[in-house]
Amino acid sequence: MTSQIEKKSRDFITTQDWSQADLQSMLDTAAKLKESPYGEDLKGKSVALLFLNSSMRTRTSFQVGAHQLGGFAVVLQPGSDAWPIEFETGKIMDGDSEEHISEVAKVLSRYCDMIAIRAFPKFKDWNKDRTDYVIRSVAKHADVPVINMETITHPCQEMAHVMALQEKMGDLAGRKYVLTWTWHPKPLNTAVANSSLLIATKFGMDVTLLIPEEAYLLDPQYMDAAAENAAAHNQKLTVTTDIDEAYSDAEVVYCKSWGALPYYGDPTAEWELRQNYRHFMVDGPKMAKTKNALFSHCLPLRRNIKASDEVMDADYCIAIDEAENRLHVQKAIMSHLIHPE
Ligand code: CP
């Protein structure tokens, strides 16, 4: 593995680090892999998949994807079937963690050609979690490319989402895209919502963020990045609390539930707010206000909580296509990281 140590390729931590042209190149590779799934791009290569949180789609699609390209994926669940890891610098490690990421990342870099990690935020201190310090510390210490399998963004989901939209709509520039907050009984990660704004604006869509009230605004680092992406395409990022205004003329409705950041770490207080907004669930009457919009969600999804059966079973729901595309885009991402142009 000497060559990896000498020359580290780029990480895939956020799509903001990559140009639209770079991302489109990966999407084009993904489309080819969808037509012809097997190859040797990862022959003799391996990827370590570190899961600090549960997964169905991400784990399966990365493992199957590596296999289909002739590579190998090893799944590690630190704290379960691997030693618990400390990610903070300078910590006196007298808690549960048995080793530090500085050793873990270096050792995995000697065995594997890429390291991917899923590390959800801890839901205690947003000022800390918003730095994405877990994956940043992996990248700092790894000698091989690092892939984000969902932290406070979910770039692999973004790529699968935009691939599904391009398959159905072609060029996305200027098309009205709505990210709507939706009901869920618990405050969830903002990652997919952040990612939705980043990728839709990166590809020049006319993006509206629909939230119940100001407390559900996303972190300014993502609101600002999305606004800058939009401005680069002569578009704007619209924010509204008006359901009719948002759905009117929408061509894409993407839904996600997330926790109100001012109440981060205090789910009881957040509940007092959240309980008023069950009516944000995506349903048939809301979709009827759109311009025959496509609907999607990253999954997993609680039916008749986040979106109704009618919506999930409709022809306009492309959530399964998006989930399938996780396989194709992740193969393309791994291939591009292993074989940079
Ligand atoms: N959408 C997604 O990442 O699914 P999993 O949590 O099942 O991996």
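Q: Which residues surround the ligand?
A: This is a predicted model. In it, the ligand is surrounded by Ser-55, Met-56, Arg-57, Thr-58, Arg-118, His-154, Gln-157, Cys-298, Leu-299 and Arg-326.

Q: What does the side chain of His-154 do there?
A: One of its N or O atoms sits 2.9 Å from an oxygen atom of the ligand.

Q: And which backbone atoms lie at a nitrogen atom of the ligand?
A: Take Cys-298 and Leu-299. A backbone N or O atom of Cys-298 is 3.1 Å from a nitrogen atom of the ligand. For Leu-299, a polar backbone atom is 2.8 Å from a ligand nitrogen.

Q: Gln-157 was on that list. Where does Gln-157 sit, and is it buried or exposed?
A: Gln-157 is in helix H7, and it is buried.

Q: How many residues of H7 are buried?
A: 12 of its 15, so the helix is mostly covered. Among them are Pro-155, Cys-156, Glu-158, Met-159 and His-161. Met-169 is buried too.

Q: What span should H7 have, and what does the model give?
A: H7 covers residues 155-169.

Q: What comes just after H7?
A: Gly-170, with a positive phi of about 70°.

Q: Switching to the sheet. What is the strand order?
A: The order is E9-E8-E7-E10-E11. It is an open sheet of 5 strands with parallel pairing.

Q: Which strands are at the edges?
A: Strand E9 (237-240) and strand E11 (294-296). Each pairs on one side only.

Q: What is the twist?
A: It averages 20° from one strand to the next.

Q: How many bridges join E10 to E11?
A: There are 3, and the two strands run parallel. E10 spans residues 252-256.

Q: New topic, H6. How many of its residues are buried?
A: 7 of its 9. H6 runs over residues 133-141 and is mostly covered. The buried residues are Tyr-133, Val-134, Ile-135, Ser-137, Val-138, Ala-139 and His-141.

Q: What covers them?
A: The cover includes strand E4 (99-100), helix H4 (101-111), strand E5 (114-118), helix H5 (126-129) and strand E6 (146-148).

Q: Which strand holds His-100, and why is His-100 called buried?
A: His-100 lies in strand E4. Its relative accessible area is 12%. The cut-off for buried is under 20%, so His-100 qualifies.

Q: What does the side chain of His-100 reach?
A: The backbone oxygen of Glu-88, at 2.7 Å.

Q: And which residues is His-100 in contact with, leaving aside neighbours within four places in sequence?
A: Ile-85, Glu-86, Phe-87, Glu-88, Thr-89, Met-93 and His-141. His-141 is also one of the buried residues of H6.

Q: Last one, Thr-29. Where does Thr-29 lie, and what is it in contact with?
A: Thr-29 lies in helix H2, residues 20-35. Leaving aside neighbours within four places in sequence, Thr-29 is in contact with Ala-332 and His-336.

Q: How many residues separate Thr-29 from Thr-153 in sequence, and what is the distance in space?
A: They are 124 residues apart in sequence. C-alpha to C-alpha, Thr-29 and Thr-153 are 22 Å apart.

Notes. Residues numbered from 1 in each chain as written. Predicted model: local features only at pLDDT ≥ 70, side-chain atom pairs only at ≥ 80, totals over all residues. Heavy atoms only, no water. Pairing = 2+ DSSP bridges. Helix = DSSP H or I, 4+ residues; strand = E, 2+ residues; numbered from the N terminus. Axes fitted to C-alpha atoms, helices over the stretch in contact; angles between N-to-C directions. Expected span 1.5 Å × (residues − 1). Buried < 20%, exposed > 50% of the residue type's maximum accessible area, 1.4 Å probe, protein only. Near = heavy atom within 4 Å. Polar contact = N/O pair within 3.5 Å; in protein donor to acceptor, adjacent residues only side chain to side chain. Contact = heavy atoms within 4.5 Å.
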